[in-house]
Structure formats: C-alpha cells, structure tokens
Amino acid sequence: MSHKTSLDEIRFGASVARKMGQDNVGEPARHAVQNQTLTSRDIETLTMLEFAAQDSLQKYYAAMRQMETRLETLDQELKLRQNRNPIHHIESRMKSVPSIFEKLGRYGKEPTLDSMERYIMDIAGLRVIVSYVQDAYDILDYLQKQGDLEVVTIKDYIASPKENGYRSLHFIVKLPVFFLEGRQDIPVEIQIRTIAMDFWASLEHDLKYKRVHAVDGVDVGPELKECSEIIEGVERRMQLLANGL
C-alpha cells in the first residue's frame with residue numbers, strides 16, 4: 001500500500017533529527033522522499049517555496065559576497081600599512097530554508113518569507129579567523145567607521161564567554177546592496193574569532209554532535225570549558241608577545 005507523506009511530516013522528521021543532534025539532519029526527509037509519495041499539492045507548494053525563497057535568499061548571498069570583498073580589501077590595506085595580514089581566512093555560509101523557518105518558530109513568528117526578512121538577521125554569515133584577540137576588536141572598529149555600514153547588534157563572547165567556554169565576537173551589520181528595483185540594506189552576521197578559538201569551537205562542535213558526554217569516566221563538558229580557559233590564558237601571553245614586537 002502506498003502511503004502519502006505530507007510536507008509537514010517531512011519537516012517534522014527533519015526537525016526531530018536536528019534536535020537529536022544527528023550529523024545529517026536531511027536524512028529523514030531524503031528517506032521519506034525516496035520511499036514515499038508526495039501529493040500534487042505538496043509538489044506545488046515545494047516548487048513555489050523554492051522559487052520564492054531563492055529570490056529572497058539571492059539578496060542575502062549578494063550582501064554576503066560584498067561584505068567578504070570589503071573584509072578582503074581591508075586586510076590587504078592593513079598588509080600595506082602594517083606589514084601583516086590580521087585576517088587568517090574567511091568562511092561564508094547561508095542558512096538553509098528549513099533552519100530559517102525553524103528559527104521563526106522558536107521566535108514565535110509566522111512562518112512566512114516576510115517574517116524571514118523582518119526577523120532573521122543571520123541568514124547570511126561570515127566567520128573571520130584572525131591571529132590575535134586585538135585583531136577582532138580592530139576589525140570591528142574599522143567597520144564601524146565605514147559610513148555606509150550600520151552595526152546593528154554586538155555580542156561579545158570574548159569578554160564574556162558562554163557558559164560552555166565558547167568565545168567569539170559576533171555582530172550584525174547592514175550594508176547597502178543595489179538591485180534592479182533599487183537599494184536595500186541587507187543584514188549579514190559576522191563572527192570574528194582567533195585561530196585558537198576556532199580550534200576549540202570546531203572540536204566542541206564535533207563532540208557535541210557526536211553526542212560524546214563522557215570518555216573513560218571523564219565529563220567532557222567541564223573539560224572543554226577548562227580547555228577554553230587555558231586557551232584564553234595562552235592568547236593573553238601571545239598578545240603580550242605581539243605587542244612587544
């Protein structure tokens with residue numbers, strides 16, 4: 001007997017997988033599509049959603065690319081003036097449509113594209129990896145001085161780390177992007193962290209999503225937090241060395 005799987009069931013399965021911390025949260029949805037039958041209405045809804053979302057997400061992608069270019073230009077200018085590149089590398093990412101709508105649900109907002117553009121500020125994001133802690137604050141300061149940029153929010157997890165030991169400087173900027181219909185100010189989230197912070201965060205993420213809570217009787221949570229504190233101490237010493245050069 002053929003069972004017709006609704007779009008809501010697929011979304012629910014993906015949501016449950018995400019909350020359980022599975023590495024591939026798209027697997028439940030993919031399994032459902034491969035083995036079940038969608039209704040014509042589901043297919044029509046998917047087509048319309050994909051078309052509308054792509055049109056909307058393209059704006060965020062354009063803003064992300066422009067912001068990345070600004071940061072690369074800033075890095076090259078600092079190379080000429082200071083004889084060093086403070087930016088080690090830049091990573092970019094776009095939120096998926098399911099994660100955007102899941103976040104709208106957590107915010108208690110209507111799951112619409114209008115709500116997406118109004119309430120979700122981190123659809124497009126850049127992670128900027130720098131050498132020293134001071135580089136993170138310097139880059140934020142340089143960006144705040146660019147007249148056409150608006151720094152909307154700042155969350156300083158370097159000065160005030162999260163409970164688990166996570167450290168990074170997060171902020172949202174709005175930058176002008178020009179389209180056929182005119183100028184729009186599009187938000188982009190920027191996370192700046194040092195190489196050492198990124199090393200810690202990558203391993204913490206790996207352990208978290210593999211659901212490793214104890215290894216040979218060791219509680220991983222406190223161990224990770226202590227590692228973060230050790231890294232913070234090392235970074236202070238490295239910053240002092242850099243300041244003395």
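# Salt bridges and ring contacts in a predicted model

Modeller: Start with Arg81, which forms a salt bridge with Glu77, the closest N and O atoms being 2.9 Å apart. A salt bridge here is a side-chain nitrogen of Lys or Arg within 4 Å of a carboxyl oxygen of Asp or Glu. The model is predicted, so local features need pLDDT of at least 70 and side-chain atom pairs pLDDT 80 or more, while totals for chains, interfaces and linings use all residues. Residues are numbered from 1 along each chain as its sequence is written, and side-chain values use heavy atoms, without hydrogens or water.

Colleague: Where do Arg81 and Glu77 lie?

Modeller: Both are in helix 3 (residues 40-82), 4 residues apart, or about one turn of the helix. Helices (H or I, at least four residues) and strands (E, at least two) are DSSP runs, numbered from the N terminus.

Colleague: Is Arg81 buried or exposed?

Modeller: Buried means under 20% relative accessible area, exposed over 50%, and partly exposed in between (1.4 Å probe, protein chains only). At 68%, Arg81 is exposed, and Glu77, at 36%, is partly exposed.

Colleague: Which parts does the salt bridge of Arg93 and Glu189 tie together?

Modeller: Their side chains meet at 3.1 Å, N to O. Arg93 belongs to strand 1 (residues 87-94) and Glu189 to strand 5 (residues 182-194), so the pair ties together parts 96 residues apart in sequence. Arg93 is partly exposed at 32%; Glu189 is buried at 11%.

Colleague: How many salt bridges are there by this rule?

Modeller: The count comes to 16. Another is Asp122 with Lys103, at 2.7 Å, N to O. Asp122 sits in the loop between helix 5 (113-119) and strand 2 (124-130) and Lys103 in helix 4, so this pair links parts 19 residues apart in sequence.

Colleague: What does a search for aromatic pairs find?

Modeller: Rings of Phe, Tyr and Trp (its six-membered ring) pair if their centres lie within 6.5 Å; planes under 30 degrees apart count as stacked, over 60 as edge-to-face, the rest as tilted. The whole structure has 1 such pair. The ring centres of Tyr157 and Tyr166 are 6.1 Å apart and the planes at 65 degrees, so the pair is edge-to-face. Both tyrosines are buried.

Colleague: Which residue lies over the face of Tyr157?

Modeller: A charge sits over a ring if NZ of Lys or CZ of Arg is within 6 Å of the ring centre and within 35 degrees of the ring normal. Lys162 lies over Tyr157, at 4.9 Å from the ring centre, and Lys109 over Tyr119, at 4.4 Å.
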